[in-house]
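Subject: The structure I promised you

Hi there,

Here is the structure I said I would pass on.

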Amino acid sequence: MKPHERQPQIEAIIRREGEISVEMLARRFDVSPETIRRDLGYLAEHGRVQKVHGGARRPHLVREPSHEERATTAADAKAAIGRRLADAVSPGETLFVDTGSTTLAAAEALAAIADLTVITNSCRLAERLARASRDATIHLLGGRYGIDNAQTTGIAVIDQLQAFRADRAILTVAALDPQEGAMDASLEEAQIARAMIRNARSVTILADAGKFGRQAAYAVCGTGDIDLIISDSQLDKAHRDAMRDRGIELWT
């Protein structure tokens with residue numbers, strides 16, 4: 001069995017059992033402990049398990065760092081995802097776009113698409129689009145202001161969203177899991193994403209490879225609600241196959 005076949009099975013065992021030793025995994029897969037340690041090292045590096053002395057356990061739920069830290073993490077991948085988004089969006093579409101470092105990285109690509117209507121709670125995104133696009137119509141949702149993400153949140157934002165309908169909700173999330181779906185580390189951001197999904201005809205998730213196989217505290221949507229995921233070339237085959245098996249279109 002090759003590593004890319006064995007590693008998803010190891011991950012599934014750890015998630016089911018909570019914690020397991022290197023020796024037990026070595027016996028189950030009839031390989032050496034050194035091979036299992038390499039597998040666990042790969043899974044831990046990608047946030048899919050947490051290594052402990054002599055084995056591994058389920059990873060902790062993701063907590064996201066500040067916007068400044070996130071903006072510099074996987075920056076090249078996020079820029080590439082933003083450029084790829086331009087191939088999915090047609091001129092004249094109405095878009096919901098939430099707050100996140102990956103959606104912000106897509107601002108330049110969106111600005112180049114003619115006659116868009118963009119409804120967002122991201123002050124940074126609204127400003128970038130307004131400066132870069134000649135003809136975009138931009139609606140900035142008002143609510144409680146958060147200085148770190150330069151975003152608005154709360155019931156006022158959710159109430160305003162009920163007045164709009166969009167062709168597409170473009171969302172960035174903290175975690176993506178084939179079984180659990182899309183998740184966020186912020187309750188308020190998850191609530192806004194869910195409101196956008198309710199009033200959009202389709203859902204596009206922007207997520208670099210590091211977001212896959214993780215779990216966060218707040219559900220955004222199940223995999224059945226996602227129409228398109230745009231990721232980067234570093235996404236491993238196991239996660240590509242898992243998402244496509246669930247009928248999701250996946251671009252890398």
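Below is what I found, from the whole protein down to a few single residues.

Before anything else: this is a predicted model, where local features need pLDDT of at least 70 and side-chain atom pairs count only at pLDDT 80 or more, while totals for chains, interfaces and linings use all residues. Numbering runs from 1 along each chain as its sequence is written, and side-chain values use heavy atoms, with hydrogens and water left out.

The whole protein

The protein has 11 helices and 15 strands. Helices (H or I, at least four residues) and strands (E, at least two) are DSSP runs, numbered from the N terminus. The radius of gyration is 19 Å, close to the 18 Å that the globule rule gives for 252 residues, so the protein is as compact as a globular protein of that length. That radius is taken over C-alpha atoms, and the rule is 2.2 Å times the number of residues to the power 0.38. Along its principal axes, the C-alpha trace spans about 60 × 35 × 30 Å.

Of the 252 residues, 50% are buried. Here buried means under 20% relative accessible area, exposed means over 50%, and partly exposed is in between (1.4 Å probe, protein chains only). Take the contacts (heavy atoms within 4.5 Å) between residues at least 6 apart in sequence: 62% of them join residues at least 24 apart.

Helix H8

Which residues of helix H8 (residues 123-132) are buried? They are Leu125, Ala126 and Leu129. These residues cover an arc of only 100° around the axis, which puts them on the same side of H8. The arc is that of the directions from the helix axis to the C-beta atoms.

Zoom in on Ala126, which has a relative accessible area of 10%. Leaving aside neighbours within four places in sequence, Ala126 is in contact with Thr120, Ile138 and Leu140. Thr137 is 11 residues from Ala126 along the chain, and their C-alpha atoms are separated by 9.8 Å.

Gly82

Gly82 is in helix H5 (residues 75-85). Its relative accessibility is 1%, so Gly82 counts as buried. Beyond its neighbours within four places in sequence, Gly82 is in contact with Ala105, Ala106 and Ala109. Ser21, by comparison, is 61 residues from Gly82 in sequence and 41 Å from it in space, C-alpha to C-alpha.

Two positive phi values

Most residues other than glycine have a negative phi. Asp115 has a positive one, near 60°, and Ala150 has a positive one near 50°. Where do they sit? Asp115 is in the loop between H7 and S5, and Ala150 is in the loop between strand S7 (144-146) and strand S8 (151-153). Asp115 is partly exposed at 48% relative accessibility, whereas Ala150 is buried at 6%.

Happy browsing!
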